[in-house]
Amino acid sequence: MTIKPAVRVSEKNLIVKDRTILTGVPENVIETSATASGPVNGVFLGAIFDRNDSSHVVSLGTLKDVRFMACFRFKLWWMSQRMGDRGRDIPLETQFLLVETKDGSHLQSEDSDENKQIIYTVFLPLIEGSFRSCLQGNAMDQLELCIESGDTDTKASSFNHAIFISAGTDPFATIHDAFKAVKNHLNTFRLRNEKKLPGIVDYFGWCTWDAFYQEVTQEGVEAGLQSLAAGGTPPKFVIIDDGWQSVAGDHKKEGGKQDQLLRLTGLKENEKFQKKEEPNLGIESIVSIAKKKHGLKHVYVWHAITGYWGGVRPGVKEMEEYGSVMKYPNVSKGVVQNEPTWKTDPLAVQGLGLVNPNNVFNFYDRLHSYLASSGIDGVKVDVQCILETLGAGLGGRVQLTKQYHQALDASISRNFPDNGCIACMSHNTDALYCSKQTAVVRASDDFYPRDPVSHTIHIASVAYNSIFLGEIMQPDWDMFHSLHPAAEYHASARAISGGPIYVSDAPGKHNFELLNKIVLPDGSVLRARLPGRPTKDCLFSDPARDGVSLLKIWNMNKYGGVIGVYNCQGAAWSSSERKNTFHETNSDAITGYVRGRDVHLISEAAGETDWNGDCVLYSHYSGQVVILPYNVAMPLSLKVLEHDVASPMR
């Protein structure tokens, strides 16, 4: 008797547990067993082409009559979610795809027979050699695999492990097992639970960005710390964002209308962070004030992965040893189609001073060792995806990204013993699949306090992106303003995110009534145990676009679970306008339902093998306590930008 693999290509179809997912798989698509990557129901697919090239596109077959959730890059830097039921709905630059077969209801099945249960199939486009893959759909409902090196001189024609496909009946376990198999295969990254989380995740913090932007000063930093502490919510970490470094523009060109792109001219702080009385003290001055006077435990600073937005300025004497040369981004077709503004972006027009990859460890090490000697505990490393555009002549996007990240990991390990690093603007698989050290990653595009279209989009994006990102790092759902029309909406999401909680309030502009709900008197926070993610019944609904669905986010704490419920309707990324926009939606309240078992691992909190599933549910906003028998649902109605948080306990 021959035992058939659970995931396989048979008679030009992709079969998952005897269900057909893709039809018409081309003959040049090849499969490779995943048995060497561990005990998992999965297979690697690749393709053979008739020519050597730096870019290939191949159909994997036709996708129809399923429900899917895709995490795709709508910008070079950031992912968002998209749902659909056929191949043409899959966006360009899709890096994660979860598919649900429609054999049965989308509600949880109690039948142990796998033939009747829902099957979840996860598609993970991978790195293979110098090439990186992503998915996209076409007008014929074919699921296409796009494979590219980012360097016209880096070519290949044969790929064996361009994508991994795995399946199971528990979506979260299936995803986790798939990432374990990919980790074992690539051996280039580590999973979140294998990394050391920095201490900032368990404390309340403040970031200077939305308070001051690039006008931040030493005096402004101290004012912000004093202001928050005065209201009984003392921050225990601060991120001094962009604005502290020594930067300058290029020599002014005649007739140039575009603002000059600034470039790094030195490793030390600018004059704003040099006390007139003791200029040699530098940034150590504000670090000492923060820790000794205000009791902070951690001080971080910002820098771009290339030093600054415009890189390191070539020809500057202090920086000559790093071998910076001007490079101009070559942005992939999928990114440009999703983000057409790249054609006129200052980086595309003015270029970037790129440190020689052979010198980049010395660059990071000297920067970080100076910061560490000044008392800095970590760095927020921004603009990371730019590396994928600069690989021409350097072995391609994957090779350049790998060199930079290996150097960054080594420097972080040497200089910041608490593993103090936050990855930002880093949502490409080039970087994610070579992350061995960094344990915290920004989960979505920025919190934009002045952009009303952004707030519902932000909550939906961080939740769905965390399904993918949360396997590799702890997602950071970004700063927010405590004094803002959407403040409670954002604050509650951060509280259940499992990641760091920090604000970017300007000094004197705080809502302490709100902050005291999430910050303990000693500046610590009660952090949930896992990355917050959508509940099982929300995985394939579209809470930003469909007009009928609420978003439910689940997490675990020490003694029970937590569920956040959000109305995120009315705004989303538009595939026609290629930007985030409002769209018409019902202004009436939407009714959804909360069950105790919406917390996927609620049985772990029960502590009893014979627990029958009955829960006590506490609503944080109404103060009501309700007994919910297993499988009984409590209705909940919310308007756009409204939310609730409930805690189911045994």
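R132 is buried because its relative accessibility is 0%, where buried means under 20% relative accessible area, exposed means over 50%, and partly exposed lies in between (1.4 Å probe, protein chains only). The structure is a predicted model, in which local features need pLDDT of at least 70, side-chain atom pairs count only at pLDDT 80 or more, and totals for chains, interfaces and linings use all residues. Residues are numbered from 1 along each chain as its sequence is written, and side-chain values use heavy atoms, with hydrogens and water left out.

R132 takes part in a salt bridge with D430, and the closest N and O atoms of this pair are 3.7 Å apart. Because D430 belongs to helix α9 (residues 429–432) and R132 to strand β11 (residues 131–137), the pair ties together parts that lie 298 residues apart in sequence. A salt bridge is defined as a side-chain nitrogen of Lys or Arg within 4 Å of a carboxyl oxygen of Asp or Glu. Helices (H or I, at least four residues) and strands (E, at least two) are DSSP runs, numbered from the N terminus. In general, side chains of opposite charge can pair when their charged atoms come close.

D430 is likewise buried, with a relative accessible area of 2%. The side chain of D430 also meets that of R397 in a salt bridge, at 2.7 Å from N to O. This pair links distant parts of the chain, with R397 in helix α8 (residues 397–415) and D430 in helix α9, 33 residues apart. Both R397 and D430 are buried.

A further salt bridge joins the side chains of R595 and D537, at 3.9 Å from N to O. Distant parts of the chain are again linked, since R595 is in the loop between β31 (590–594) and α13 (602–606), whereas D537 is in the loop between β26 and β27, 58 residues apart. R595 is buried, with a relative accessible area of 15%, while D537 is partly exposed at 24%. Elsewhere, salt bridges that share partners join R73, E93, R132, E148, E388, R397 and D430 into one network. The whole structure contains 32 salt bridges.

The side chain of D537 also makes a polar contact with the side chain of T535 (2.7 Å). A polar contact is a pair of N or O atoms within 3.5 Å; within protein, one must be able to donate a hydrogen and the other to accept it, and residues adjacent in sequence count only if both atoms are side-chain atoms. T535 is situated in the loop between β26 (533–534) and β27 (551–556) and is buried, at 0% relative accessibility. Apart from neighbours within four places in sequence, T535 is in contact (heavy atoms within 4.5 Å) with F172, K552, I553, W554 and D598. The C-alpha atoms of T535 and H600 are 7.1 Å apart, although 65 residues separate the two in sequence.

Two strands pair if DSSP finds at least two bridges between them. Within the sheet, β18 (residues 298–304) and β21 (residues 378–382) run parallel and are joined by five bridges. Y300 is placed opposite G378 of β21.
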